[in-house]
Amino acid sequence: MSTFQQAFEQLLLRAPGPVFPRARELYLRKYPLEAEPLGCFRTFLLREEIQEAAGGAVRIRALDFALVHWQEAAIDLDQAAAYLREQWQLSPDDLAPEPGQSWFREGGAYARFSAPAVYERAAPTTLVGP
């Protein structure tokens, strides 16, 4: 089982880069942090802050996550909180349902929460010819 931070980093390693905002948004709405989801919940990155530096270095800080009750019209916050504790060892104070909202392509009801997660990629090295 990976940690929340490791799962966040793995998700972003596979995601399209910030220069492709539409493709990135679609990817982040489709693929959860769980490598192999078990049960009825999935964790998605909902909002992020991207800082790019000259030369290609990037820092991505998570602002919000969505916990989706897969294919269901309602989410039970007690069950959601228990899942976050068990799966990710998280106890967010701000876990709140998004009433009347369904996840991407009718994936199910979801709750929003925040958790500390940061991904950093150093500038790519420049190859120098012989």
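1. Is F44 buried or exposed? F44 is buried, because its relative accessible area comes to 1%, and the cut-off for buried is under 20%. Keep in mind throughout that this is a predicted model.

2. Overall layout, to get your bearings. The protein chain has 3 helices and 5 strands, and from the N terminus on the order is α-α-β-β-α-β-β-β. The C-alpha trace spans about 60 × 30 × 25 Å along its principal axes. Of the 130 residues, 35% count as buried. If you take the contacts with a separation of 6 or more, 58% of them come from residues 24 or more positions apart.

3. Helix 1 covers 4-14, and its buried residues are F4, A7, F8, L11 and L12. They sit on the same side of helix 1, because the arc they cover around the axis is only 130°. As for what they pack against, the list runs to helix 2 (21-30), strand 1 (41-52), strand 2 (58-70), helix 3, strand 4 (108-113) and strand 5 (118-121).

4. Now helix 2. The buried residues here are R24, Y27, L28 and R29, so two arginines are on the list by the under 20% cut-off. Their cover includes helix 1, strand 1 and strand 2. Y27 has a relative accessible area of 15%, so Y27 counts as buried.

5. On to the rings. A pair of aromatic rings is described by the distance of the centres and the angle of the planes. Searching the whole structure gives 9 aromatic pairs. In one of them, Y27 and Y31, the ring centres are 4.6 Å apart and the planes meet at 40°, so this pair is tilted. While Y27 is buried, Y31 is partly exposed, with a relative accessible area of 36%.

6. The pair to compare with that is F44 and W70. F44 belongs to strand 1 and W70 to strand 2, 26 residues apart, and the pair links distant parts of the chain. Buried F44 has a relative accessible area of 1%, whereas W70 is partly exposed at 27%.

7. Have a look at H69 as well, which is found in strand 2. H69 counts as buried, with 10% relative accessibility. Which residues does H69 touch, leaving aside neighbours within four places in sequence? The contacts are C40, F41, A74, I75, Q79, G107, G108 and A109. Of these, G108 is 39 residues from H69 in sequence, yet the C-alpha to C-alpha distance is 5.6 Å.

8. Two backbone angles deserve a check. Most residues other than glycine have a negative phi, and most peptide bonds are trans. R105 is not a glycine, yet has a positive phi of about 55°. E106 also has a positive phi, near 60°, and is likewise a residue other than glycine. R105 lies in the loop between strand 3 (96-102) and strand 4, and E106 lies in the loop between strand 3 and strand 4 too. R105 is exposed, at 65% relative accessibility, and E106 is exposed at 60%.

9. What volume does the largest pocket hold? About 180 Å³ of space lies in there. The lining is made of 15 residues, and S2, L33, E34, A35 and E36 are the closest to the pocket centre. Helix 1 and helix 3 (77-88) each put at least two residues into the lining, with helix 1 giving the most, 4 residues. By class, the lining splits into 8 nonpolar, 4 polar and 3 charged residues.

How values were computed. Residues numbered from 1 in each chain as written. Predicted model: local features only at pLDDT ≥ 70, side-chain atom pairs only at ≥ 80, totals over all residues. Heavy atoms only, no water. 1 Å grid on protein atoms, 1.4 Å probe; cavity = no way out; pocket = protein on both sides within 12 Å on 5 of 7 lines; lining within 4 Å. Points joined across faces, edges and corners; volume = space filled by probe spheres on them. Nonpolar A, V, L, I, M, F, W, Y, C, P; charged D, E, K, R; others polar. Buried < 20%, exposed > 50% of the residue type's maximum accessible area, 1.4 Å probe, protein only. Arc of directions from axis to C-beta. Contact = heavy atoms within 4.5 Å. Phe/Tyr/Trp six-rings, centres within 6.5 Å; stacked < 30°, edge-to-face > 60°.
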